[in-house]
Amino acid sequence: MSSQNMISRRGVLGSLGAAASISTFSNMPLFAQAEKSGPTTSTVADRDRRMQWWHQARFGMFIHFGLYSVLGRHEWAMEMEGIPVAEYEQLAKSFNPKPHAARAWAQLASQAGMKYMVMTTKHHEGFCNFDTKLTNYCAPKQAAGRDLVAEYYEAARSAGMRVGFYYSLMDWHHPDGARCAHDEAARRRFVEYIHGQVRELCTNYGKVDVLWYDVAWPLSAEEWESVKLNKMVRQLQPDILINNRAKIPEDFTTPEQRIQAFAEPWESCMTMNDSWGYQRADDDWKSSKTIVRNLVTCARGNGNYLLNIGPKPDGSIPVESVQILTAVGRWMNQHGDAIYSAESCEVNRSEVANFTRIGNKLYIHVHFWPGEVVSVGGLTNKVLSAKHYPSGQQIQFHQDQFRVQLVGLPAASPDPLVSVIEMECDGVPKQDMLNIRENRPRREVGI
Ligand code: GLC
């Protein structure tokens with residue numbers, strides 16, 4: 001990896017456009033391939049100002065909630081099962097979550113160390129959780145009889161959370177939702193509808209922190225009139241952050257179900273099982289350790305982690321999600337500072353640990369605790385001190401040209417999920433694995 005390809009500070013190299021992939025737990029280098037990105041209806045300087053809170057927030061809760069929650073077979077059931085619109089619409093007659101269910105979401109988010117939330121105001125099914133003058137297919141005018149987005153907004157704000165609105169551009173219910181692609185009059189009507197709803201969302205609730213568009217099928221950015229749309233949004237909400245899914249780059253990039261670092265601000269969104277909307281039978285839950293490891297990987301690449309819950313039709317959170325997030329919250333409560341304040345970290349090679357960095361401090365997040373000795377190869381810095389984190393208890397170590405060995409450690413992992421060691425270096429921590437391979441002295445043949 002060349003040094004120009006590294007991001008040293010948040011946002012500083014925003015215009016470089018370098019990107020690279022780190023797979024979920026990988027030790028691969030950051031920022032390898034080029035990617036075109038950057039603001040469209042804003043400037044880099046203004047984006048960096050607006051995004052300060054978001055970079056520090058690091059961890060957010062995604063909430064997928066809608067009529068599909070009643071079905072309990074994934075939020076794509078309507079399309080996957082080819083359900084006729086007239087049949088699907090009936091779900092609106094029974095979707096009536098218990099009052100203020102969102103308070104428990106916000107409470108869990110807060111407990112988990114999350115700092116912001118993003119809720120589906122309208123998913124692809126076209127049903128609106130918010131009060132809209134533009135359709136009757138919305139929670140206040142159906143069984144629920146009230147604005148679920150307003151409840152969410154109030155709950156999130158009361159818990160001190162930043163508030164995001166997810167809004168799907170694709171719409172399987174609106175009569176013009178597909179024919180807009182080849183019928184100009186339909187496109188005009190549909191775009192007016194979509195722009196009108198986004199205007200409502202940006203007008204009726206107070207300050208909105210994030211606008212999270214999704215699936216822009218079947219139109220292009222020009223046909224959606226995305227620039228005009230986002231200019232309107234910024235006029236109504238000058239501090240808002242807008243994602244890249246209206247087919248223009250805007251403020252941040254959204255790798256989905258994978259972790260990939262970009263030079264531009266990025267947020268990896270992910271499910272805890274395999275579904276975004278509630279799916280009763282989906283038992284493919286990630287462990288809380290996996291979630292912590294993913295969060296560490298995001299922090300290492302200076303990105304955010306938006307982790308999903310899919311509440312049941314009554315708004316209650318599946319017990320598995322509660323258990324996972326409670327354990328993650330316990331971990332974050334102790335180790336969160338090594339996550340929230342993390343800067344891009346070049347050190348990434350280990351088969352037992354991952355890393356974050358703050359200034360000259362390297363945080364070694366050991367997920368496979370090896371026992372009394374933990375070794376890190378290839379560090380090019382002099383290590384000044386090593387401590388258990390956050391207790392601050394000193395750790396003995398030996399360092400030579402090729403490795404640092406932390407010794408006298410407990411046989412069992414101090415933390416049941418991921419144990420953290422803080423190592424102070426004499427400069428920004430860097431690692432050179434090739435030095436080991438090339439220069440570690442070899443034995444004579446035959447010995
Ligand atoms: C996808 C899916 C959708 C989900 C979203 C979250 O685009 O269509 O169901 O809401 O990803 O990122």
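Q: Which residues of H12 are buried?
A: This is a predicted model, in which local features need pLDDT of at least 70, side-chain atom pairs count only at pLDDT 80 or more, and totals for chains, interfaces and linings use all residues. Residues are numbered from 1 along each chain as its sequence is written. The buried residues of H12 are Ser321, Ile324, Leu325, Val328, Trp331, Met332 and His335. A residue is buried if 20 or more other C-beta atoms lie within 10 Å of its own, exposed if 12 or fewer, and partly exposed in between, with C-beta atoms placed from the backbone. Helices (H or I, at least four residues) and strands (E, at least two) are DSSP runs, numbered from the N terminus.

Q: Where do they sit around the axis of H12?
A: They are on the same side of H12, because they cover an arc of only 120 degrees around the axis. The arc is that of the directions from the helix axis to the C-beta atoms.

Q: And what is exposed on the other side of H12?
A: Val319, Gln323 and Asn333 are exposed there.

Q: What covers the buried residues of H12?
A: The cover includes helices H6 (102-111), H11 (288-300) and H13 (337-340), together with strands E10 (304-309), E14 (383-389) and E17 (419-425).

Q: Changing topic, how is the chain divided?
A: It is divided into domain 1 (3-340) and domain 2 (353-438), with bounds that come from an automatic or database domain assignment. Their C-alpha centres lie 36 Å apart.

Q: How many residues are in contact between domain 1 and domain 2?
A: 14 residues of domain 1 are in contact with 13 residues of domain 2, where contact means C-beta atoms, placed from the backbone, within 7 Å. On the side of domain 1 that touches domain 2, H11, H12 and H13 each supply at least two residues. H11 gives the most to that side, with 8 residues.

Q: Which residues are around the ligand?
A: They are His64, Glu75, Trp76, Asp214, Val215, Glu256, Cys269 and Trp276; the C-beta atom, placed from the backbone, must lie within 6 Å of the ligand.

Q: Last one: is Gln393 buried or exposed?
A: Gln393 counts as exposed, because it has 9 C-beta neighbours inside 10 Å. Gln393 is found in the loop between E14 and strand E15 (396-399). Leaving aside neighbours within four places in sequence, Gln393 is in contact with Lys387 and His388.

Methods. Two residues are in contact if their C-beta atoms, placed from the backbone, lie within 7 Å.
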